[in-house]
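Biologist: I am new to this one. Please walk me through it, and tell me what stands behind each term you use.

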Amino acid sequence: MNTSVVLITGALSGIGRATAIAFAMKGARVVVSGRRDEIGHKLAAELRELGAEAEYCHADIRHEADIRELLDKTVARFGRLDVAVNNAATEGLGGLVTEQSAESYAATFDTNVLATLLSMKHELRVMLPQRSGSIVNVSSAYGRVGAPGASVYVASKHAVEGMTKAAALEVAESGVRINVVAPGTTDTGMLTRFTHSDETKAALVSTVPFKRLATPEEIAHVIVFVASTDASYMTGASVAVDGGMLAD
Ligand SMILES: NC(=O)c1ccc[n+]([C@@H]2O[C@H](COP(=O)([O-])OP(=O)(O)OC[C@H]3O[C@@H](n4cnc5c(N)ncnc54)[C@H](OP(=O)(O)O)[C@@H]3O)[C@@H](O)[C@H]2O)c1
């Protein structure tokens with residue numbers, strides 16, 4: 001039984017939800033966070049039905065005060081933090097570079113980049129004195145390659161990859177590991193919003209070597225592995241889970 005204390009942002013849907021369930025099934029103590037309180041409380045109850053200790057904490061990760069409170073509540077409830085999965089993100093507004101604005105940039109970067117940075121800051125506030133912990137930042141295959149019409153999202157995920165490496169090096173001797181999991185096309189609400197139509201989604205899938213979407217569970221299982229002590233010699237790494245997309 002793995003009784004690690006695990007915090008997941010953006011846990012109420014898609015990959016975050018699948019990750020919460022995967023950790024709960026391994027016996028972890030899980031804090032799920034998000035913005036939709038009714039769904040969050042229902043998810044925590046579902047995790048408890050699986051036998052896990054679980055809490056929901058409201059946090060809009062664009063606000064540092066929410067992140068600080070999320071970490072403080074996690075430690076108040078469970079006394080420590082072993083794993084943090086910084087998963088919450090937005091696909092942003094999309095569109096060509098020529099259509100972007102300071103506002104569309106900020107709307108994506110505040111959630112995907114600033115919030116990941118501030119989440120790591122407050123997670124390390126807990127983990128460094130423990131001299132142990134594992135942070136997994138969820139990036140994207142688009143953190144490695146470009147995609148037309150998604151420049152701001154692509155840039156934000158490249159930023160997540162870069163800051164993960166820098167942070168991992170800063171704390172390499174501390175006992176805390178920081179890595180990235182980079183999903184490819186995964187069957188979630190974000191992909192549906194990103195592709196706008198079934199035709200565009202099918203066209204995107206046809207470019208994936210596997211010719212299918214990942215399930216959220218297929219990404220979650222890799223997140224659980226990278227977070228675990230089975231990956232104890234891994235830090236500053238980016239693990240793609242992309243059906244061969246980046247190999248093509
Ligand atoms: N699906 C894919 O094909 C794909 C591919 C590569 C990478 N990813 C990455 O995988 C991660 C999970 O995405 P997903 O596909 O599972 O999509 P999703 O179901 O839309 O999950 C994203 C979650 O983030 C939450 N979130 C967004 N802004 C937030 C904020 N300011 N504060 C708190 N929570 C916030 C959302 O909550 P609300 O409902 O309240 O907005 C939602 O629960 C993201 O980092 C995404 O970039 C996904």
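Modeller: This is a predicted model. Start with β4, helix α4 (residues 102-130) and β5, which form a right-handed β-α-β unit.

Biologist: What makes a crossover right-handed?

Modeller: Point the strands away from you. The path from the first strand over the helix to the second must then run clockwise. The chain also goes from β5 through α5 to β6, and that β-α-β crossover is right-handed.

Biologist: How do you know that β4 and β5 pair?

Modeller: Pairing takes at least two bridges found by DSSP. Strand β4 (residues 83-86) and β5 share four, in the parallel sense, so they pair. V83 has S134 of β5 as its bridge partner.

Biologist: How many bridges join β5 to strand β6?

Modeller: Six, and the two strands run parallel. Strand β6 covers residues 176-183. There, I178 stands opposite I135.

Biologist: Why is β5 called largely enclosed?

Modeller: A residue is buried if 20 or more other C-beta atoms lie within 10 Å of its own. In β5, six of the six residues are buried, so the rest of the structure largely encloses this strand.

Biologist: Which residues of β5 point which way?

Modeller: G133, I135 and N137 point one way. S134, V136 and V138 point the other way, and all are buried. In a regular strand, side chains alternate between the two faces of the sheet.

Biologist: Why is G149 called exposed?

Modeller: The cut-off for exposed is 12 or fewer C-beta neighbours. G149 has 12 inside 10 Å, so G149 counts as exposed. G149 is in the loop between β5 (133-138) and α5 (151-170).

Biologist: What does G149 contact, beyond its neighbours within four places in sequence?

Modeller: G94, G95 and L96. E99 lies 50 residues from G149 in sequence, and their C-alpha atoms are 9.5 Å apart.

Biologist: Which residues touch the most other members of the largest nonpolar core?

Modeller: A20, V30, V32, V181 and I223, in a core of 68 residues. Setting aside neighbours within four places in sequence, V32 has contacts that include I8, L12, A20, L43 and Y56. In soluble globular proteins, nonpolar side chains tend to be buried together.

Biologist: What surrounds the ligand?

Modeller: A shell of 27 residues, with G10, G14, A89, T188 and M190 the closest. Helices α1 (14-25) and α6 (189-195) each supply at least two residues of the shell.

Biologist: How does the shell divide by residue type?

Modeller: Ten nonpolar, 13 polar and four charged. Gly counts as polar.

Notes: Residues are numbered from 1 along each chain as its sequence is written. This is a predicted model: local features need pLDDT of at least 70, side-chain atom pairs count only at pLDDT 80 or more; totals for chains, interfaces and linings use all residues. A residue is near a molecule or strand if its C-beta atom, placed from the backbone, lies within 6 Å of it. A nonpolar core is a set of buried Ala, Val, Leu, Ile, Met, Phe, Trp, Tyr and Cys residues joined through C-beta atoms within 7 Å. Two residues are in contact if their C-beta atoms, placed from the backbone, lie within 7 Å.
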